[in-house]
Each structure stands twice: as C-alpha cells, then as structure tokens.
Amino acid sequence: MAKALSIVVPAYKEKENIQPLVERINNSLSKTDYEIVIVDDNSGDGSEELVAALAKKYPVRIIVRKNKRGLSSAVVDGIASSTSENVIVMDADLQHPPEVLPDIVKALENHDFVMGSRYIKGGSPGQWKLSRKIISKGATLLALFIAHGVKDPMSGFFGFRRAVVDTSSLSPTGWKIGLEILVRSKFKDVTEVPYTFVPRARGESKLSSRIMGEYLKQLMELYSFKYQILNFMVVGGIGTVINLGLYWLLLFIPALKEVQWNFLGKDHTNYVLPFIISSLVATVSNYLMNRVSTFKGWKEQKGGFTRYISMALVTLALDNFLLFLLVRYGNLPYMLAAVFAILINFILRYLIARNWVWNKKAPLKA
Ligand code: GDD
Ligand code: MN
C-alpha cells in the first residue's frame, strides 16, 4: 500500500548520521503514515547493513546505486521509486532538523510546494563561514527571477505534491534539485516554512567548486526554460550582429563588389550578394544557437534544418509584405510600421519554431 508521505534522503557516506536521523524523524512524525527512502551511492561504509537492521523497527528502506553518483539524480531516483501522495526531500547529515517535518506536512495540506527556508522570519542559516555565506547569498540572488518569490531557493529541504511533478522533465545534473523541481513543475501554490540550518556534527560536506560550476550551468538552463521567448530573442539579436558584421567584412572583397545586378532596368552593384551571403550565414547560425540553447531538450522534427531555413525565407517575404500593408493601408509612418512588422514577425517565427521546427519537450536524459 502506498504511504501518505515519502521522505527522500540522498546520502553519501553518512553512516554515522543515519540512525539518529531515522529516530528523530520517527519521533516527530508519530502521527503520519510515512516511509523513509535513503538513496545511497554505494558508499560502502556499512550504511546498507545499518538500514537493513533499522528496517525491522522503522519504515525505512535504502536504494544503493552502483553506477550513478550525484545528489540531484539520487533525489530524482528516490522520488521515482515511491508512489506516495506527498514527498519531502531532506539531507542525511542532520543539517535539516527533522523536528520541522510536521510543519511541512501541515503546509502541504494547503500548498503544492513547500520550501524549508532559512531566510524567512523564524529561520536562520546558522553559523557559517563568511565565504560560504557570500556564496549562498550570491547563488540565491542569481535565481531571483525564476524562484517563484521563494526566499531560499538554494535549500535542499522541501516538500511537494507528487501529482504535480513529472520526474522525467527534471535534469538531474545540477546540484539544486529543489530549485529544479520548483521551476520545471506547474505549482499553483508555493509557500515557505522556516528552519535553522544546523552545523554539521559528523562527516563532511560534499560541496566543491565543480558543483558551483554545475550550478551556473543549471541556472542558465532554468532561465532558458522559463523565459524561452527571451532566449529566442537574444539568439535573434546575436544573429543580427553576425549578419551585419559579416556583411561589412564581405564588402571589402573586390570580386563580390564586381557582381552586377540588373533589376528593373537599373544596375545595382556590390551590396546585394554580400547581404544574401551574410543573411544565410546568420540564419544558419541562428538555427544552431536555437538548437543548443532555446530548444535544448526539445524534439527536433524530421528535416528540422530545412524547415528552419524555409521558415526564415517565408517570414522574410511576409515581413516585407506586412510592412507594405501597414504603410499603404494602415497609414503608419515608415519607422513605426517597421517596428510593428518586426515585432509580429518575431512572434510568428517563435511560434513556428516551437511548433513546426521543434516540438514539445523530450524527456531529459541523465
Ligand atoms: N546519494 C548521494 N550522492 N548523496 C549525496 C551526494 C551524492 O553524490 N552528494 C551529496 N549527497 C548527500 C549528502 O550525503 C547529504 O545528505 C546531502 O546530499 C547534502 O550534501 P552535503 O555534502 O551535506 O552538502 P551541503 O551541506 O554543502 O549542502 C546542502 O546544503 C544546501 C543549503 O545550503 C545541500 O542540502 C543542499 O541541497 C542545500 O541546498
Ligand atoms: Mn550538509
């Protein structure tokens, strides 16, 4: 039978902390139907045997992963291995006090995501070295525009309603799995519950500079996910710079200048061919940038490249036609008409790109 609550605990070499953790959870959740799922990455320190012994007395089990390492992917695997209605994630090292669990359980009655928070009234980051404080604050600030107003998006102590979270949409590479879940799921009601981050008594922290680098990468992906249209816009901006820069360079090539165009009885010299070349190069580089950033993780349709190029050509023609209509029949001044034409074109391109060139998110791979 599925439990009401699963407590997912990532653990790496935390043997000394497991027994007090399980006992304290049990004391504070005496009224709840819960299970503890410890996800251990083959620590080989006797954690497995210890949990087997504890399981005789407490609702606790352990998943030992032999071929995977990593805090976030451990959490994702733990969530996926259980079927309870609610999930709470917490660290194994007792820095997240189990006595706060009832507050989170209570908050989950009315909210679908609850962040354990050190930065709201009643909470505290505890005693930290100044350097660690600055890093944590800086990291928090960087997440400002994706964090749903949550004051402590760096916290690894949080709970949520399982039905709202699709584990296959989560990228388990980043270190901040709470933020990942918060950004990639459609929660209706997010709240915070205060706690005091307790200094580690036993074992040691696994935080490293590699992990901070991973956090920055995770941030970029989450921003791109949440503000996809802005990403598309930035790509378009970079493409315009490439287009103009290349055009300027090509104008120096004498052979290109000598190509003559006869159009409506007039000779047009030097600038059209360079512009065609620079526009094509910019379009191809836009396609590549959108592929690796804006639509990262999305399925590309068959013939995606051809689709993208034809989309660019058709919308270019349409853009000019629109400009003509706005000036001729809308009586708009040229400049204003161009602003509208560019804006409408931009939205049109974005919609075509996300529905016809790429399509829906493919499940993320570890
Ligand atoms: N399975 C598994 N695999 N667990 C891991 C791994 C791993 O590769 N790396 C770390 N853990 C477990 C640890 O055993 C611990 O239970 C928890 O993840 C947090 O790791 P710590 O090494 O204690 O990290 P920390 O104290 O620096 O960071 C914590 O504090 C942050 C708040 O500042 C983490 O909880 C963060 O999630 C939290 O946001
Ligand atoms: Mn810790």
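Helices (H or I, at least four residues) and strands (E, at least two) are DSSP runs, numbered from the N terminus, and two strands pair if DSSP finds at least two bridges between them. Axes are lines fitted to C-alpha atoms, for helices over the stretch in contact, with angles from 0 to 180 degrees between N-to-C directions. This is a predicted model, where local features need pLDDT of at least 70 and side-chain atom pairs count only at pLDDT 80 or more. Residues are numbered from 1 along each chain as its sequence is written.

**Exercise 1.** Work out the strand order of the sheet and find its edges.

*Solution.* Start with the order: β3-β2-β1-β4-β6-β5-β7, an open sheet of 7 strands with mixed pairing. Next, look for strands that pair on one side only: these are β3 (60-64) and β7 (190-194). From one strand to the next, the twist averages 20 degrees.

**Exercise 2.** Find the partners of β6 and one residue pair for each.

*Solution.* Take β4 (residues 86-89) to begin with: 4 bridges tie it to β6 (residues 158-161), antiparallel. Here valine 87 sits opposite phenylalanine 160. Then turn to β5 (residues 113-117), which is also antiparallel to β6, over 3 bridges. In that pairing, methionine 115 has phenylalanine 158 as its bridge partner.

Notes: Chains lettered and ligands numbered in written order. Heavy atoms only, no water.
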